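Open the structure in your viewer and keep the selection tool at hand. The stops below can be taken in order.

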Amino acid sequence: MNKILIITHTADNFSIEKVTEYIEDNNCEVIRFDVDLYPLQNKLSTVFQDGEWKTFLETSEKKYRLDDISAVWYRRAYNIGKGLKEELDAKFFGAAMGEIRNTLFGFLESVDAYSLGKPSVYRRLDSKEEQLKLAHKIGLLIPETCLTNNPEEAKQFILKHQNVVAKMQTGFAIYEDGVENVVFTNVVSEDKLEELDTLLYCPMQFQKMIQKKKELRVTIVGRDVYAFEVDSQQFEDSKVDWRKDGVNLLDKWTQTTLPEDVKEKLLELLDIYNVDYGAIDIIVSPEDEYYFIEINAAGEFFWLDNLTEGNLISRSIADVLCDKAPRRDNIVMV
């Protein structure tokens, strides 16, 4: 029986269970590695002796052999080393976490099997600049864009385009008194130009504001394309960044069909990156122009999956992992 390794964490949502169910329907075994239990509860060991490499994952329930897995789904790596800070002297914590991450990610990079996502792949897709350049190169529309830490450059861009939004390139959040405050996309008006001097400390991405007829989230798994749309302009808080009022929009999404040329270009973009999963954000203008915004390498999909009959996104993920659906070429060790 083929073994599929899922890299996730204990607080992940029910989509893991749904994908697991479909993997088991394909007569494959699932091994779940919750990284927030590593290293205090989960033990990971790789040994080379007698001319053979062997890797073992030992959980509270069972000891698994991982060197013979057929595929891995690198979904989430949240809260690695949870609880360790309370166990170690503060002077050792940073160094220990470095070893923990290096060991875990080193193992994932070395897996000699198909991977739906890898740390190195996610790092590459972190580059919004490369995404936009590639999207433009293959013919997708993108907004006028400025990435800078130069206040004067940003001011010139804003004055030229008038309606401009500012966004961070990462999941940027500020923590105060233990509370996470996510920095969403915001409109930058001319009366805020003097505040741009803080760019010296932290670069930002600025884009010409695209008027929105609707917004799309396109989830691609292998060659399967699932497109959904929402009218984000119906609520004040979601007009600029739908995530800011995502809860109110949860039941407002509907499945839709992409223009064939846009669909083919999105598939081409995943071909270039050589990845089999991507959650893509698109803005549709009042003139029905489709603007590519970004690819989320491990973007969430559960709320859209529920809008399909039989959780088709989860099924597609399971089929790709179990080699029941077409895959892009995956680099493995030779």
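This tour of a predicted model goes through backbone features, a residue in a loop and a cavity.

**Stop 1: Y38 and P39**

Select Y38 and P39 and show the backbone between them. The peptide bond that joins these two residues is cis, with omega about 10°. Most peptide bonds are trans. For orientation, P39 sits in the loop that runs between β2 (29-34) and β3 (43-49).

**Stop 2: D50**

Follow the chain through β3 to the loop between β3 and β4 (52-58), where D50 is placed. Phi of D50 is positive, about 55°, although the residue is not a glycine. Most residues other than glycine have a negative phi. Is D50 buried or exposed? Its relative accessible area is 80%, so D50 is exposed; the cut-off for that class is over 50%.

**Stop 3: Q162**

Now select Q162, in the loop between α6 (151-161) and β9 (164-167). Q162 is not a glycine either, and its phi is positive, at about 65°. The relative accessibility of Q162 is 40%, so this residue counts as partly exposed.

**Stop 4: N311**

Go on to N311, in the loop between α9 (302-305) and α10 (312-321). Relative accessibility here is 13%, and N311 therefore counts as buried, the limit being under 20%.

Which residues does N311 touch, leaving aside its neighbours within four places in sequence? Show K18, Y22, D305 and N306: these are its contacts. With D305 there is also a polar contact from side chain to side chain, at 3.4 Å.

**Stop 5: the cavity**

Rolling a probe the size of a water molecule over the atoms shows where empty space is left. How many cavities of 30 Å³ or more does a search of the whole structure find? The search finds one. The space in the largest cavity comes to about 60 Å³.

To see its lining, select W73, Y74, R75 and R76, then L116 and Y122, and finally Y277, A297, A298 and G299. Colour this lining by residue class: seven of the residues are nonpolar, one is polar and two are charged.

Notes: Residues numbered from 1 in each chain as written. Predicted model: local features only at pLDDT ≥ 70, side-chain atom pairs only at ≥ 80, totals over all residues. Heavy atoms only, no water. Helix = DSSP H or I, 4+ residues; strand = E, 2+ residues; numbered from the N terminus. Buried < 20%, exposed > 50% of the residue type's maximum accessible area, 1.4 Å probe, protein only. Contact = heavy atoms within 4.5 Å. Polar contact = N/O pair within 3.5 Å; in protein donor to acceptor, adjacent residues only side chain to side chain. 1 Å grid on protein atoms, 1.4 Å probe; cavity = no way out; pocket = protein on both sides within 12 Å on 5 of 7 lines; lining within 4 Å. Points joined across faces, edges and corners; volume = space filled by probe spheres on them. Nonpolar A, V, L, I, M, F, W, Y, C, P; charged D, E, K, R; others polar.
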